[in-house]
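Have the sequence and the 3D view side by side. We will walk through a helix, a residue beside it and then a sheet.

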Amino acid sequence: MRSSGILLPISALPTRYGIGGFSEEAYEFVDQLCRAGQKNWQILPLGPTGYGDSPYQSFSTFAGNPYYISLDKLKDEGLLTEQECLEADCGENPRKVDYGRIYRTRFQALRKAFERFREDEAYREYAARNSFWLEDYCLYMAIKHSQGDAGWDQWPEGLRNREPDALEAARRELQEELRFYRFQQYQFSRQWKKLKDYANQKGICMIGDLPIYVAPDSADAWASPELFQFDEEKKPEGVAGCPPDGFSATGQLWGNPLYRWEYHRQTGYQWWIQRIRHCFQLYDVVRIDHFRGFEAYYSIPYGDATAQNGHWEQGPGMELFRRLKEELGEMNIIAEDLGFLTEGVYRMLAETGYPGMKVLEFAFDSREESDYLPHNYSHNCVVYTGTHDNNTLAGWYQEMNDHDRWFAGEYMNNKKSSPEELPWDFIRLAMSSVADLAVVPIQDYLGLGAEARFNYPSTLGGNWEWRLLPGEITDGLLEKIRHMTKLYGRL
């Protein structure tokens, strides 16, 4: 069935208090999606973010970001006062998230709510159901806070190596902190579930995002080092990234620990089964980032300053996805299959049957024929005008060279559009394509320029900050989106 959706990260919602969350504005956006004839809301990973603020470098692959907990909803439950909410307001610049200030104030408000919270049966049931990850995460965060937020590789040896006596002493000493982090995850979970249920009742599917790797400074890496390629001192033997290419002469150095795939194979991929099952409790559809890394992954020597000296290693391939299907049945997965792909990746994609991704901003390179041009699509794919890592359409078009701009005009048989209408030409191209699903970032519907870009890959600082302004999505815009959605059979 043909459908379409909008990409809008939770952090970018125009809520009070300086960052988006599960407040009334999130419910209002669901209503706006319905009025625009959309069936999908795509978001970015929901995990708690640390240094660099990237949702792809989270403190846990299972936990949720406490910044998204609605303070107003805690106030409605009598856990916060209006004054306490106002003291946590970091919304001086409605267009940008001030992560540093939120870090300094949000936990103060959450701590006050925690002090008034009384554990009940629903809370205890949540803690028991999620104990397989929750207890390690809470202990990790409590120790991290007690160690001045240092990474676990800087902790005292007993804690770093998870010696039983050291962990037991930490649990006794930090028991109140453990309860505080457990409270955060409970509130995140129940507020997110209410929002997702509301969206589903309105016919909206939630598309989540799963990073292939976990952050080096994460509860996952600390609590389960056997899952990763660590040496005896728990230092990575190699780290993740991408080789040099036309976009980067030195490649991309992500720095994530690599999986010890032989161990995963011996355990029947139990950790992956838990991880994917957890994802489908949060989302209706899961986009798996860097899908090609399951066929072969790029290993960079630990300590290298660039990705130039890396090499390829074999991944688990179809064995992992067959095992997942055995345990979890058919899964609604989108495979992020961007970049240079080998025959092995194409075979794996074909056997899974998962739809891959097509990005229009990658299509108009006049030097070569591109798989991203719509006449090359099959039905089983998802077309994007751009992703969170791309410039906005308006910003990208501004930076195109003359030849590529000419080529785009020739391809669309349209060379006279005004700057305001140009993004709509590319949106029309995506919506009219044969792709089963078309997803457009909200910035492209708004026609915003490079100032609204969400992320510049391989850079630190200034990313993940952009937000919608209150009232920026107008009735006129929703009607225009609905008209195009109906025109191309996606309503």
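Start at helix α6, residues 131-146. Its 16 residues reach 22 Å from the first C-alpha to the last, close to the 22 Å expected at 1.5 Å a residue. That expected span is 1.5 Å times one less than the number of residues. Helices (H or I, at least four residues) and strands (E, at least two) are DSSP runs, numbered from the N terminus.

This is a predicted model: local features need pLDDT of at least 70, side-chain atom pairs count only at pLDDT 80 or more, and totals for chains, interfaces and linings use all residues. Residues are numbered from 1 along each chain as its sequence is written, and side-chain values use heavy atoms, with hydrogens and water left out.

Several α6 residues are buried, among them Trp-133, Tyr-137, Met-141 and Ala-142. Buried means under 20% relative accessible area, exposed over 50%, partly exposed in between (1.4 Å probe, protein chains only). The cover over these buried residues includes α5, α8, α9 and α12. Just after α6, Gly-148 takes a positive phi of about 65°.

Now move to α9, residues 175-201, which holds Glu-177. Is Glu-177 buried or exposed? Glu-177 is buried, because its relative accessible area is 15%. Beyond its neighbours within four places in sequence, Glu-177 is in contact (heavy atoms within 4.5 Å) with Arg-111, Ala-142 and His-145.

Four strands form an open, antiparallel sheet in the order β5-β4-β7-β8. Its edge strands, β5 (252-257) and β8 (311-314), each pair on one side only. Strands pair if DSSP finds at least two bridges between them. Three bridges join β4 (residues 238-242) to β5. Val-239 stands opposite Pro-257 in β5.
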